[in-house]
Every structure is written in structure tokens, then in C-alpha cells.
Amino acid sequence: MPVLHRDSSGFLLDGEPFRILSGGLHYFRVHPDQWADRLRKARLMGLNTVETYVPWNLHQPRPGTFVMDGPLDLPRFIDLAAAEGLYVLLRPGPYICAEWEGGGLPSWLLAQPDIELRSRDPRFLAATDDYLTRLMTPLRSRLATNGGPILAVQVENEYGAYGDDTAYLEHLADTMRRCGVDVLLFTCDQPADLERGALPDTLATANFGSRSGQHLANLRERRPDDPFMTTEFWIGWFDRWGGHHVVRDTDDAARELDELLASGASVNFYMFHGGTNFGFTNGANDKHTYRPTITSYDYDAPLDEAGDPTQKFTAFRDVIARHTGVPAAPLPPKGPKLSLENVRLTETAELLSCAAKLGGAVEADRPLTMEELGQDFGFVQYETVLPAVGPALLEVEQVRDRAQVFLDGEPAGVLERENHEHALAFTVPRPGCVLTLLVENQGRVNYGQGIHDRKGLLGNILLDGRELRGWSSRPLRLDSLADVPFAPTTATPIGPALHRGVFELTETADTFLHLPGWTKGNAWINGFHLGRHWSRGPQRSLFVPAPVLRQGENEIVVLELHAAHRARTVSLREEADLGPTEE
């Protein structure tokens, strides 16, 4: 493979002028059996490169382990890109933002109460060095200098919006070099943060979605010897629960792209294909109010969540054709979809009753955080025995992020971090009543100082002004539901429960799970965790990739935290429902 260089005239690929036309495509947000399809469509839009982040938290779920297979087989993804004739921009972090859980930083780092993330804290640097060594060793052969498609590797990510410690960035760059990364290194920042996040003698790139001419002039003034590149050309945006589905006008984005390319700039579309925050992997923002991101990462991108071309695909392809040319192949068609209405979920298991099968309880004087329990995602069940009866006021210093409160198993109320709720009044029915708080991690903050986002019940917990002591903390492991004691039932339980049903298929295709009448929870098909559902919206459907399904019998499980659909039915439909586009 050719090697990428730079000078004041632009990028050079083996000495020849080269413009990077790239698109964001995160392998961890796409089913691995659909990687090749998305890569082929990137080439058909006229791209010559794909960009991907690397989520440290998935690849290294515990300090002594490293996962690089199945849905995390990054070497295979890179090889598929090369087979399609595409180069790769690799963005390994360690911090990635990406609206991803904790910005990609593993939660076990936060088990150390005073650790400083994204800093020269020796504990953070030691963990980062280990991660980069484990990651880059199998990828070294895929660097362009070794005949592979990886043209360039990013150092950190938008660090200028977080700090200004150049020595920290230099440490990361030195570690990458020690790991054998001898291709071009680069940084990326929003224009106002460029100098804070840049490194001497390292390519600095900018992230923006509009005012290209202004940002181009600014970058040329600050970095006259660098090629101009936008590593994140924002052509859409992400959504949050309780908001609306954010879209960007296609013509406006196409005009901005045309201006960029006319200037001679290189560009990476953020995103080319957004994909899905499967499972519990969505992130959150907290700028004085906590706002969790939804399951869909459609991003109003050229390929929608199911990988089908949108209006932006055609519009951007037309712009690219005017500047550099595009493949002569026809536009890719929309993929097949399947529909199946009213799948009944006939079996149920009440979550609180079967909690012991999902995790062991740890006894302590105070509630333990998720990180102290060694749990990354999901739920923790906290319990204590109340000392008195009658009217009482429960006060929780910090709920991270949503607590359902029960007295002897009966619902008593909800406390939400998003709504700044810390207190709940109720009546204790009897001496020795068991207080249960089912706490959901709705996604660790992925941007700003809020990334130090520990989960569970934090700080003091008071009942009528007196501290409650003597707690059990039980992490609920929902990565496997094999031991859940489902049983047939005709009644619809009130409160947290897992509901199971089966359906038959004669053929498989992509589809969307719709849950009208359900309230909040998660969904699985054939053991594959689709993500979170919430009637708060805007998202009203969950993407189901075709490879998750099979001919014959299929299993669906829905966790409902509140009130299930009265008939306990769900539907598979051909169209997504991402909600209204205006508030």
C-alpha cells in the first residue's frame, strides 16, 4: 500500500497529490456480517477512505483481558476495507467521545476514587500504555508502511476542549511510536480549541459542520505548513431521550461540502453511517443537566441506521463527482425488510424475584458503586431494612442515573438524575420493611469533566435525616438471560419484569422492533441485545439486523421496568420510527 505524507501543498501518497475523502463508519455500531455491505457503499459514494474510532471499554472490559474477535474483530474490518479498495483513518483514543458510554474509557478505571482521566495520572498512563500496546500489536502489519491500508492514526480526541497539557499528548504519541506506529499522526479539535489540543510537528485537523471558508482561513493562518482537513465534517447530529429527532437539511450540507472540496480540503464525513448503540453502550451529556443519548445513532447520515442510502448519499455523491469523480456503478438499492405484527410474549419473570439468579449480593455499610462491584453497564439492586414505620422522607445525595424505589416489592416512586430529583416521601408499612432501589446506569457521560461519572447510589442516603446503613448491593448481569426462570402467565405484572415470546420466520431480513404501549426497558432477539426502549421518545423503534434473525423459531425478550403493553405484544415492521424532527 502507498504511504501518506504531507507538505504545505497538501497530502502526498507515494509522492503523488492525494485528497482524503473519508466517511465515519464505526465497526462496533454495525453487525459484523454487515461490515462489507457498508464498506462497499462507502466506495460507491465516491469515498477512498473510512474512519473508525476504537472503543477501549469494549476491547478491554477488565485490566487483564483484551478482546479482538467477533463484533470487535478490528483486524477483519480493516482487511475488508482494504479488499474494497479503501484506506483507513484509525482513531484509537484512548478517549473517543463518539456519544459512546464514557467516551470509550473503561469503567474499571473509576473504581479508583481519585483517578484523573485524560491526564498524566500515573495510573491512567499505565492503563493507556497497556491498552495501546495490546491494540496496536496485531494492527502493526496493517499500517501503510507495512503494506496495509491504515494511512494515519489520531492522538487522543478533541483534547483542546478538555485540557491543555501538551506533555500528556506527547506521552500518547511516544507510546504509539514505541508500539510501532510509524504512519502519519494527527490531532483533531474544534476550531476554538485547536492550539490547546495540537502537538508540535503533528498534523492538526479541525472539526465543524458549517462556515468552512472561515475555518479554512483560520487553520491556514495557524498552521500554514499543514494540509487542510476536517476530521469531523458534521452532516447530522445525535438524539437524546426526551428530545426530537435532529436532522440537517441535505441541500445545506451539500453546499458546505462543495465549498470544502472547492478549497482543495480533505474531508471525513461524520458520519457516513452512524449505526446503532446496541445494548447499554450509549453515552450521555451533562452540561448542568444529565441527558442520555438514545439507542439509534442514525445521525441523519448518507446511510441510514439500516444501511440504506438516503438523500444525502445521492447529494454528496453528486458533489464528489464534480470534484474527483465517482465509480460508474449504479446507486445501491434499499435492502429488503420484513414485517410481522403482534408477536405475543407469553412468558414472564419478575425481575426483583429472580435477581439472585442474575448476580450475587455484596454486603457493606453503604451502597457500593457499579465500578466497585466490577460492573460496566446495566442495573444494580440495592436493599436495606428500614428501622421505623409510618410517613418517611428518603433523601439520596446522588442518583446515577435513575432509581425505582420499592417497599416490600411494591412500587413507591422514581428518582431521576435528569430531573435533579433527590428526595421521595412514602409511608413505611411495617417494621422490618425492605427498601429496594433498582438503579439504572443510563449511560456514562462522554464529554467534558463529567466523564468521571461513577454509577449507582453515591454519597449519603438519609431516612428522616438519619443515615441508612447496612446495605446489600447486587449487580444484575443481563449479558445472558439463560438462567432466568420464565413461566407462562396470562396476567400482566406491574413493575420490572422480563417478558419472553417466540415467532417463526421462513426468511430473514433487516427489520425494526416496535413496542407501542410499552414504557421503558431493553430488548433482545435470539440473545442479541438491541438496546433501550423508552416511550419518552423520540425513538419509537429498535433496529434488528438481519444476521440476528434465523429461519424457523426466534426468541424475543423485553425488559419492561414499569407497565407492559396490556396484551404483551410487539411488532416487527419495515420502517423505522425515530420520532418527530421538531419540538
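The model is predicted, so local features need pLDDT of at least 70 and side-chain atom pairs count only at pLDDT 80 or more, while totals for chains, interfaces and linings use all residues. Residues are numbered from 1 along each chain as its sequence is written, and side-chain values use heavy atoms, with hydrogens and water left out.

Helices (DSSP runs of H or I, at least four residues) and strands (runs of E, at least two) are numbered from the N terminus. Helix α5 comprises residues 166-178, and its end C-alpha atoms lie 18 Å apart, in agreement with the 18 Å that 13 residues should span at 1.5 Å a residue, where the expected span is 1.5 Å times one less than the number of residues. Buried here means under 20% relative accessible area, exposed over 50%, and partly exposed in between (1.4 Å probe, protein chains only). Tyr168, Leu169, Leu172, Ala173, Thr175 and Met176 of α5 are buried. They cover an arc of only 155° around the axis, which puts them on the same side of α5; the arc is that of the directions from the helix axis to the C-beta atoms. After α5 comes Gly180, with a positive phi near 95°.

In helix α2 (residues 56-59) lies His59, which counts as buried because its relative accessibility is 0%.

Strand β27 (residues 497-505) has 7 of its 9 residues buried.

| Partner of β27 | Sense | Bridges |
|---|---|---|
| β15 (residues 347-350) | antiparallel | 4 bridges |
| β32 (residues 552-560) | antiparallel | 9 bridges |

Ala349 stands opposite Leu498 in β27, and Val502 stands opposite Glu555 in β32.

Definitions and conventions. Two strands pair if DSSP finds at least two bridges between them.
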